[in-house]
Amino acid sequence: VVMGRAVPSNAAPRSVLMRAPLANPMAPMSEVAEPAAWGKGVSAAAMALGTMIAVPKRKSAKGSTTASQCPTPPHASAAASRPAAIISAVPARRSRPMPRRITRRLEDHAPPICPSITPENIRPKATTDTPSPWTSANDEFDTHASELAWALANYLDRQGYWTEYAATQQTSLVSAERNGNLLLQATTHRILGWTYVRASAFDDALAHFQEALRLFDQIEDRPGAAMTHHASCWALMSLGHYVEALDHASLIRELMGATGNEVWVAFGASAAARCRAHLGECEEAISEAIAALMVFEAAADGREGRAELKHTLGFAKSKLDRPEESISEYVESAALYQALGDRAHEATVLLSLGDGLLAVGRSDEAEDAWKRALAGFEHLARPEAEIVRKRLLSLTIVANRADRLPADGCYGEFTGP
């Protein structure tokens, strides 16, 4: 049983869930197992969850088929009446296609349009007698519940399933508090805070980040504190508090510099560069971003950092009136976010790309970029979709008026809009 849902006993032998270590809402891909790699072996977390996952059928010595399964948790009998959890394993790459009954991607379980996320639908609800599909089987699985929630965090966040993202983290927090593990509690507060950022509930988000920082300080966990400052920095930038956000960016570099983690020092520099660009210190921002970019280019998988920095460089160069350079940076950033499956950031960059293209008279390309941004925001049910619709409408109005101009380019007598 996984997340309160019985796994079919004929599931693929290679269908195993890889664990992402202490998933961070803005974590680099080098810290998270990618879906394509999930079927390559059984990680420590998957092994630990062995008592929760059904063992597939196998042939006996006489050729008959037997099913070997784990003990069923107390509430497993009600699992069939619940909707399937958004979880599936991705089998290892094979030379020929696998049958549909075996190959099941995470996207097959998800609705085409993500539900709109609001503070109301992600805050904890009053408990009821009906067990949640995200509830762990019993107290002894509290640690596994947190680990499983972390393993899902990056996928749910990047693909925009933020309601499910919040639900898994709420369960993780309850489990961590019942377990009494301060590291689990601190990490879950950090990740849960990011779900409130997605819902634009910044007071709730910052409260979770403050609690995470208090717990990380109590257990003297510098990396955990640095990652929390990173999330706090981006939340404060969303509020327009760039000076305060810059202070958090400096703390990231200070804490991670003491551990020798160059990649996370570069993430701190990236956050600082974005703050400086918003504060009008664009030349300094570009210099800082280029230095951090070199670290990510040398990293095993620095795509997340490169995408973030390319976006920053595009923004800074647009403010310095260097439109062609800005467009080039935006194009690279959007391509990297697309490769990461990060729909929210990809759509945001495409919106900026369309603005840049329109500024240099490339209206057809601007329209294409905005249409792609609109598709992303609509999938995520984000309010930014309305901003893009207005841009596309204004572009259509301008094009229609241009079509009505006479050869000399003047209307002459006014004839209406």
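Predicted model: local features only at pLDDT ≥ 70, side-chain atom pairs only at ≥ 80, totals over all residues.
**Helix H7**

Helix H7 spans residues 222-238 and has 17 residues. From first C-alpha to last, H7 reaches 25 Å, close to the 24 Å expected at 1.5 Å a residue. Most of H7 is covered: 14 of its 17 residues are buried. Asp 221 caps the N-terminal end. One of its side-chain oxygens lies 2.8 Å from the backbone nitrogen of Gly 224. After H7 comes Gly 240, with a positive phi near 85°.

**Cysteines**

The disulfide count is zero. Cys 275 is in no disulfide. Its nearest cysteine sulfur belongs to Cys 233, 4.0 Å away. Cys 275 is buried. Cys 282 is buried too.

**Aromatic residues**

The structure holds three aromatic pairs. One of them joins Trp 264 and Phe 267 in a tilted arrangement. The ring centres are 4.9 Å apart, with 35° between the planes. Both residues sit in helix H9 (residues 262-278). They are three residues apart in that helix, so about one helical turn separates them. Trp 264 is buried, and Phe 267 is buried as well.

**Buried side chains**

| Residue | Relative accessible area |
|---|---|
| Cys 275 | 0% |
| Cys 282 | 5% |
| Trp 264 | 0% |
| Phe 267 | 0% |

Terms used. Residues numbered from 1 in each chain as written. Heavy atoms only, no water. Helix = DSSP H or I, 4+ residues; strand = E, 2+ residues; numbered from the N terminus. Expected span 1.5 Å × (residues − 1). Buried < 20%, exposed > 50% of the residue type's maximum accessible area, 1.4 Å probe, protein only. Polar contact = N/O pair within 3.5 Å; in protein donor to acceptor, adjacent residues only side chain to side chain. Disulfide = S-S within 2.5 Å. Phe/Tyr/Trp six-rings, centres within 6.5 Å; stacked < 30°, edge-to-face > 60°.
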